[in-house]
Structure formats: structure tokens, C-alpha cells
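Please keep the sequence and the 3D view open while reading.

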Amino acid sequence: MSASWKQLCLQILLLLVSCRHINTKTPGPTPPPLIPIDQLPTDVRSVALKGESHTEKVELLNPVNLALECTWTGNQDKLANITGLWRKDGEEVKNSNQTVPMENDQYNLKRVFSIVNEEDLGSYTCEFGSKAKIDFVLAAPQIGDVRDKPIVSYVGDFVVITCKMEETKPEPSTWYWYRANGTDKKQIIAAEEPLRYEIKNEERKTKLVVSSLVETDGGLYFCGAVYAISTSMSHVELKVISFHEPLKPFVAIVIEVIVLVAIILLYEKSQSKKNSTAAENGTTDQTNTLTQGESNGPAEISSMRQRKV
Amino acid sequence: MTKLRPKAESQGDGGEGPDGGYGWVLVGALFVSTSLVFGLMRSLGIFFVEFVQYFDESAQAISWISSTGLAAQQFFSPLGAALCNAYDTRWVVMTGGCLAALGLILASQATCLVHLYLTMGVISGLGWGLVFTPMVATVMANFTRRRTLALGLAFSSIGLSSFAFNPLFQLLVELYTWRGALLILGGLSLNIVPCGALIGPQRRSKAPAKVVSESGVSCASFLQRASSYLELPLLFERPYITYTLAISLLNVGYFVPYFHLVAHSRQVGFSEYQAAFVMSAAGATDILGRIASGWFSDLGHFRLIHLLSVWTTLAGVFIMLLPVSSLSGSYAALMVISLLYGFCSGALTSLVFAVVPMIVGVERMMGALGLLQLIESGAGLLGAPLSGLLKDITGDYTASFMVAGGFVVLGTLTMVTLPHYFCGKDPPPPKSVSPDDPDKGLHAELEQMHSSPSDMNDLTGEVTNNRLPEDTYS
């Protein structure tokens, strides 16, 4: 009996061990934490609130045990005790509800959070009753300049899409590229289609070269800056057009030029014909002096005459 | 012969000269073609960001495209002038327009940087060279009294079109990316062709004075003709050489603020927006200066050469004052000096070309302008690298601006050495070689062929001669 129980226990244990937490988010390339939680480095962020609310941005690169401290000088009520509360992304953190006494004319709230992976990032709020709160927005460095206009390229040509992390922000460990597939993101792996895609990574910059474009290549492309804690995304839209597009205004302009030149030349011809007939009807003796060299004299003179208007 | 006489006499007696009337149509044509040459060149910077990304080259390699284009335009100017002397001006300009458009259209298909150098640089530059000098010479030949005003109005197109082209090119690049935008620009450049068509059939073809016979396409006779079309004998005349030297010295320093003012403002500590605004403001007063100086010069109170000296001296002084004004860190001082500099630099631009016929005469003006452009281009190529070098050595732009301003003032001093500089009236420009006696009777066929077209030149020249000394104080 005990042997089968042992076996069952072992099986259950094996089952539990092999079971993973089911992640409903799109799997990112963030590696699972290799460092046990108690060996993480510690960091402290403290904010002293003066008004009613404040938002503090915290940039994180690596998993860390982050101690968040809130200090509030209180309002005119000057209660002896106030309820303190921590929230993550709006939802109350368990067992965080506590009574905060007033010490040295201020209220203090402090809590240590283990920030290990992408889900631990977000907005952490310490609340003093419902009177005051401080938001800590924890995030990996975000990509600054997001291009809002689409990148345009032609069918058959290639296009270079770049993403850049600002100099003031820390370098990501690597870059990945994704292509929007419905609501999902599909990673672009250059090795699979080396003739079409090429990814050039430098520390702060990444370039995706898409060659032999076709119309279906258009759409949203995402670049991800990978940090130990999470991946920051930025998006660019690509539009692929055929060469007929700019040809339309070009042909319109060429037609306009041809029409203008034709009008000018025809007008001149008609003017010179009029003037040459008028001139020839004039002094005929002068035509006797015309020589070979002056055969274009009348035309010149008539056009000269019209210039002297 | 006699057929031309009444024409000529009416022109001589008329009192109006060639000013006005159809001349203003030509000013409009020059306006459009100048904007499509220089206005376009100035706005090419918008493409450079795209080129850097697409071709994966350094900014310096890309900037050689516009340097090549400008250099080609100035290098081929004498060629354009010579071709106009040999053949019909309108066809030269129309060909130039087609070449400029062709260069840009081919550039839209470029697959490497060298393609861009050859197409946007050489081919379009050749086209621009065949357009600019002939059109300027044609307009100047059509005006005497209002010459500087006509030029000022036409050259104001450069500043105005850069204002218009910058957002336009930006839009084109966003909609069609650089390939499509270059294609459309090629189409726009084709508009130079109708401008050339407006010139009308050639009124004169400059027959070389030294051709002995029609036959014989020997090397020697060809070289003789070519040298007369190019007006190479001008290079041996002291007034022309002096003037060209002066303008070359001017050119060394003239462009330095355009290249370095923004960088200098940023270095002194002003924001990007403030620095760009200084540049735009200088550009606006540049346009004003061109038109105002053109109008004022034609009032005739002063000799053109004196006015030019005043504007160049002032421009040189203001260039030297630019780093000084920003020493105090005051934005207002920098802005004021930049505005004054812009006005003076625009003012002198109108006059630089208008003085040429005073020195060489109207009939040699075409070739003279071509040679002037070629020689001053070499000096211009010197200016920017020199100022960049000074900046690298000294660490800031003070030395660059001082040297640039110094060169401009040196140009003025060279101009002072022109013969008859200190006379109250303009000296008569040198007469052309062909006879100018209107009372000669019938001549042999050959002489008629040579002298009849050049009679027109002479009469224009005579009108110029008779007009200027009196007009100076009218």
C-alpha cells in the first residue's frame, strides 16, 4: 500500500515539477530568472509627497529587489493614524493594508517588491487613505523617437527600417524584430530567409533590411530592445507602392511642359508669319539687298519688332 | 543691310532702349529657371538624410553630390556661353533644361552612390551650366537702365523658392520616397525648357572676327573660333582680370556663413530652433536686399561699381562681426548682425553680374559671365574647407568668420584697383572689333555676314555707351 502511495506522491510531485505557469501573453525572449530571489541586488526609491499625488518613473534593467518608500507630510487634518495601502496596476496588493502612524510630522510607507520579470513591471501605488497617493511606474528603458509616418518603398526595391535607443538610456543586450500577424507578433528570424531579411545589430541601433519587396510586405513592424528584465517595443509602419504612383504626377508635368513649349513656338511662328507678310508688302527695294547671310533677316526683324513692344 | 537700318535707328532714337516690354517676360523666365537651378540645389539637403540611410554612407560622401552639381554648373558655364555665341541661345537653354531633368530622372533609378554623383552631379550640373549663364546674359542684354532691378527681381527667386521647395520636397519624399521625389523633380526641371523657348530666335550670332574662310574645319581655325566664342582673350585684359580676382576673393568668404552660421549659433549655446530661425531671417533679408539694391542701383545716383564696393565692404564687416556679436551671448545682437549680413549679401548679388557689361561691353558679356563663373567656382570650393579647417584647429568658428570676412574685404580692395575706379562717370566699355559706322554702303557678302549681326551688338553697345555717362546723374 505504501509503495503505491509513494509512487502516487512521486508522480504528483513529478507532475507539479513539470507543470509550468501558463503564460497567456505572447512569449517573449526574456530569459527566466536565473538568480534566486533572495540573492537579487537591492535598490531603493523614495519619494516625499508634497501635494496630493505624484508619479515617479523608475527605469529598470535587471531583476532587482526594489524597496519603495513613500513619505507624506499629511494634510490639515493631521490624523494620528491613517490607513496605508499598496496597489499594483490598480489592484490591491495582498496584506498591504496597514495603519500608518504619524512620526515626526509625516507618514511613512515602505515595502520591498521583487521585480524579476516583465509581469512585475507596471504601476505600483502607495496610498494614504484616499487622500494622497504616489505612483511608481516601473519600466524598462523605452525607445524614444517613434516614427509616426509610414516608411514608403517600392515593389522590387529594398528598405531599411531602423530603431535607435537614445544615448542617455542604457544599451539593450540585443535587439529582436517582429512582424504584425493579425493581433499577434511573429518574430523575424533572418537566418530562415537570408535573401529577404537581414538584421544588423549595433549596441544602440538596429537595422532591418527587407529586400525584394512585394505589396504584402506592408504593415506594422516591431523592434524590441531586450533587457534582462523585459523587452521594450517600438513600431514602424511600412508601405509598399508600385512605381506607377509617382509616374502619374510626372507624366502630368511633362504634358504641361510640352503644351507650354508648343504654345510658345506656335505663337511665335504665327507672329513671324504676320510680320513677314507685312514687311514684305513694304519697301520691295530693300529685299534686293538681302543676301544669303540675311535670309533669316525678316524673321529676325519681325521677332525683334514684337520684342520692342 | 539697309533693312536693318531703320530698325536700328528707331532703336537708337527711341530713347527707351531695350528696357521693358518683352524684357519683363524674360525676367519671369529667368525667375523660374533660376529657382529651378539654385533653389533646387539649395533644397537637396532633404534628400541627404534618405540617402545616408538607404546607401549606408557617411554624410560627407553624400554631401559631395551637391558639391559636384554646383561645381559642374560653374565649370560648364563657359561651355554654355560659347555654345550660345556659336549657336542659338534658346536651343542651348532648352537642351540644358532637358539635361538637368534627365540627370534627376536617371538619379531616381540609382543603385549606388556613384550613380548619384554621375547623374545628379555631372549630368544635371552640365544642364544647369547650360541654362544659368545664357539666361542671365540674355536678360542683361535686354535691359540697360533697369538691368540691376531686373536681375535683383529674378535672383530673389532663389530665396523664395528655397522657402517653397523645402516643405514641398519633404512632402514628396514622404509620399513617394526619394526615388519618386527625384522623378517628379526631374519633371519640374523640365519647366526650364519653356523658359528657354521664351527667349525667341537668336537675334545675333557672334561671328568670330578672325575667321578667314568658311571652309577648312582645321584644328587651328576651330581653336581660334572656340577661343573667340569662349572669350578667352578677355583673360588678358586687366580690368576683367582684376574684377574676376575680386569676385573670386569675395566668393571664398561669401558662403561661409551659409555653411557655418547654424553650427556657430548652436555652439554659442542657442537652441536648434533659434539657430535655424537666424538662418531663415538672414534668408528673408537676402531676398529683400536683392530687390532693394536692384531698384536703388538703377536710380542711377551712383556708379554700380561704387555701390558694389559698399555692399561687399559691409558684408565683409558684418561677417567679421558675427562671432563678436555672439560673444556677449545676446541672441538679439546675433540676430541683428545676421539680418544686416543677409541684406548686404543679397544686395551685392544683384550687382556682381550687372557690373560685368560695364567692364567688357554687352556683346562680350555672355562669354565673360561664363569665364567669371568658372574662375569664381574654384575660389568658392576653397572657402568651405578652409573655414572648416580653421574651426578644427582653433575649436570655434571665430577664426573662420574673421578670415571669411577678411577675404570679402580683400575682394573690395582688389576692386578699387580697377581702372577709372575713382572717376565720377563710368568709362565707356571697350568697343567690339567690327565696324560700327551705320552709313557704310553695300559690302561684299562675307563682310555683310559678319557685320550685319554685329551691327546690332554695336548699336546696343552704342546705346549703352551713350546712355551710361548721362544716366549716371539723371
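Is B:Cys219 buried or exposed? B:Cys219 is exposed, with a relative accessible area of 58%. Here, buried means under 20% relative accessible area, exposed means over 50%, and partly exposed lies in between, for a 1.4 Å probe and protein chains only.

The model is predicted; local features need pLDDT of at least 70 and side-chain atom pairs count only at pLDDT 80 or more, while totals for chains, interfaces and linings use all residues. Residues are numbered from 1 along each chain as its sequence is written, chains are lettered from A and ligands numbered from 1 in the order in which they are written, and side-chain values use heavy atoms, with hydrogens and water left out.

## Cysteines

A disulfide is a pair of cysteine sulfur atoms within 2.5 Å. Over all chains, the structure holds two disulfides. The table lists them.

| Disulfide | S to S | Torsion about the S-S bond |
|---|---|---|
| A:Cys70 to A:Cys126 | 1.9 Å | about -110° |
| A:Cys163 to A:Cys223 | 1.8 Å | about -80° |

With a torsion of about -110°, the disulfide of A:Cys70 and A:Cys126 is left-handed. A:Cys70 lies in strand E3 (residues 64-72) of chain A and A:Cys126 in strand E8 (residues 122-128) of chain A, so the pair ties together parts that are 56 residues apart in sequence. Strands (E, at least two residues) and helices (H or I, at least four) are DSSP runs, numbered from the N terminus. A:Cys70 is buried at 1% relative accessible area, and A:Cys126 is buried at 0%.

The disulfide of A:Cys163 and A:Cys223 is also left-handed, its torsion being about -80°. This pair links distant parts of the chain, 60 residues apart: A:Cys163 is in strand E11 (residues 159-164) of chain A and A:Cys223 in strand E16 (residues 219-226) of chain A. Both A:Cys163 and A:Cys223 are buried. Counting bonded cysteines along chain A, the pattern of its disulfides is 1-2, 3-4.

B:Cys98 is partly exposed, with a relative accessible area of 39%.

## A sheet in chain A

Strands of a sheet pair through backbone hydrogen bonds, either parallel or antiparallel. In chain A, three strands form an open sheet in the order E1-E3-E7, with mixed pairing. Strand E1 (42-49) and strand E7 (107-115) of chain A stand at the edges with a single partner strand each, so one side of each has no neighbour in the sheet. Two strands count as paired if DSSP finds at least two bridges between them. E1(A) and E3(A) pair in the parallel sense over eight bridges. The bridge partner of A:Thr42 in E3(A) is A:Asn65.

## An annotated segment

An unreviewed UniProt entry places the feature "transmembrane region" at residues 249-267 of chain A. Such annotations may be inferred rather than shown by experiment. Over residues 249-267, chain A is 100% helix and 0% strand, and the end C-alpha atoms are 27 Å apart.

## Nonpolar cores

A nonpolar core is a set of buried Ala, Val, Leu, Ile, Met, Phe, Trp, Tyr and Cys residues joined through side-chain atoms within 4.5 Å. The largest nonpolar core has 124 residues, and B:Phe47, B:Phe51 and B:Val136 are among those that touch the most other members. Apart from it lies another core of 47 residues, including A:Tyr107, A:Ile134, A:Tyr221 and A:Leu238.
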